[in-house]
Amino acid sequence: MNTVAAFRLYFKLVSASLRAQMQYKVDFLVSLSFQAALQAVDFALLAAIMLRFPEIAGWNIYEVGLLYGTASIALSLYRTIAPELHDFDRYIVQGTFDSLLIRPWPTLMVLLSRNLDLRRLGGALQGALIFGISARRLAAECAIGSMEIWIMAALALVGTLIPFSLALITASCAFWFGRSADLQTFTMFAPITASQYPLTIYPGWLRTLLLSILPVGFINYIPIRFLLGKGGSWWSLAASPVAAAAAFLVAYSFWSLGHRHYHSAGS
Amino acid sequence: MRVFPLLAQKAFRRNLQYRASHVVTNAASLVFGFIYIAVWQAATARGGTGDYSPVQFAWYTAFNQAMLWITIFFQNGLGIPEAVYTGAIALDMMRPVDYHGMMVAREFGNVWYSFWFRTVPLFAVFTLAIGAHVPQRPETYLLLAAAIVLAAYIGLCLHYVVGIAAFWTIQSRWAYQLLHTAHFGLSGFMVPVELLPGILAPIAAASPFAPLQYYPARIYLELSGAEALRMPILWAVLLTVICRVLTRLARKKLEIQGG
């Protein structure tokens, strides 16, 4: 009952924040398209490489496009729902975390409900576009069917939990160290970038890392590899949501642990 | 004019205080570098293209990744927008020192720091992993030094232009994003500019972004000689003029409207 009430409050607070943001419609639309354009340049470079070289580790451009699109979707959705987590350490540095603690609700929920960065959806749109184009082409070549496409898309959505969990763990470090923003490049952005390409291109230690402590490989590589008939088994599909759930549970426990260790800056 | 070296020295010393926290960002840079190198190694598994052999692609990427810290990773707009919003800019511009010169001097202190504490260590680690090109012609070292100084100067002038735009707009955020996107796409940081498709190749080669990564990298790999300095020199001169004109306009606006 308490959880239901918490969710209800979350949606109420978030919609209030959205209404406030929608007062600046032009700014919103410009930001949205800008985000999409920004990521398009990123993919254009990859496309430029692949125009010269037909394949990367046995994956053609459309197959890499699936990896790229799903990774972009997962990352952008996380950036949309959790902008406050992204620069959480300022709550610790400036001492404003105290004001979250005095609410009679789970702190994480209060934190997340403060803001929703809808402009980041631009990145998700661009990811979806690349994913869609790649999937259509591969479907036309009969490499995959529509069921495979839906499974990949669904797993990308579930996969949002993985960057979210990585960011939550990183943010929790701020409870001990005060700072965590720099760490995030290391624990989240770099792994997500890595997950845009087939993991076989990396040296063994990095591949192991991306499938264990920083489990971004489960967002896309493991299931898509199987669905494209490049290896793995049906277990590969089950592994993704399991990894996402496990990452979240670990991250949330770590957050709770940090939460208990919190001591105010006293300012 | 002893004030400029002094500003640079102070900026360098301030950075020294944060050495430990820079280790984390360096580690992140390394991981990104290894990702890009891995992509090139996989793509060129069956041979290189254009002027580049597979190993040269890897060296090219490693060199550029190490260079990022002295070409584009500056404080956004060199911190000018914050100064404009808080009004501190009035005090800065009141000083009996040329404003553009002051910012450049201070920023060169940061560049000098980043060169020794970021670029060199990053390059060293990449060298351990994938080896490195050792320039054979003695003049290459001279050209490379010139290309690096020009790259740093052009990079910080670009940031200066973006920063000073804060006098006229409050949306500087977009200007940074544009700067970083243009850098990412046009500098040849990951893909040598002549390999970009269609019209993008000549546009990128003539843009102020290619002097940040592409031309220095070409000189380093000894694929180009002194002619690769033409575009950097041109842009350094052009940007100096642009920066100084903008500074005058900004000063006028500040004096008339009070910031």
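Student: Where in chain A is A:Ala57 found?

Tutor: A:Ala57 sits in the loop between strand E1 (55–56) and strand E2 (59–60) of chain A. Helices (H or I, at least four residues) and strands (E, at least two) are DSSP runs, numbered from the N terminus. Residues count from 1 along each chain as its sequence is written, while chains are lettered from A and ligands numbered from 1 in the order in which they are written. Keep in mind that this is a predicted model: local features need pLDDT of at least 70, side-chain atom pairs count only at pLDDT 80 or more, and totals for chains, interfaces and linings use all residues.

Student: Why is A:Ala57 called partly exposed?

Tutor: Count C-beta atoms, placed from the backbone: 20 or more others within 10 Å makes a residue buried, 12 or fewer exposed, and in between partly exposed. A:Ala57 has 18 such neighbours inside 10 Å, so partly exposed it is. A:Ala57 also has a positive phi of about 50°, though it isn't a glycine.

Student: And B:Leu78, buried or exposed?

Tutor: Buried, because 22 other C-beta atoms lie within 10 Å of B:Leu78. You'll find B:Leu78 in the loop between helix H3 (54–71) and helix H4 (80–86) of chain B. B:Leu78 isn't a glycine either, yet its phi is positive, about 55°.

Student: Where is the kink in H6(B) centred?

Tutor: On B:Phe115, with a value of about 40°. That bend is the angle between axes fitted to the seven residues ending at a residue and the seven starting there. Just after H6(B), B:Gly131 takes a positive phi of about 75°.

Student: How do you know that the buried residues of H9(A) line one face?

Tutor: Those residues are A:Glu148, A:Met152, A:Leu155, A:Ala156 and A:Gly159. We use the arc of the directions from the helix axis to the C-beta atoms. Here they fall within 105°, so they line one face of H9(A). The face turned away carries the exposed residues A:Ser146, A:Met147 and A:Trp150. Among the elements covering the buried residues of H9(A) are helix H3 (61–81) and helix H14 (234–261) of chain A.

Student: How many residues of chain A are in contact with chain B?

Tutor: 24 of them, facing 26 residues of chain B. Two residues are in contact if their C-beta atoms, placed from the backbone, lie within 7 Å. H2(A) gives the largest share of chain A's side, 10 residues.

Student: What counts as nonpolar on that side?

Tutor: Ala, Val, Leu, Ile, Met, Phe, Trp, Tyr, Cys and Pro do, while Asp, Glu, Lys and Arg are charged and the others, Gly among them, polar. Sorted that way, the side of chain A that touches chain B has 19 nonpolar, two polar and three charged residues.
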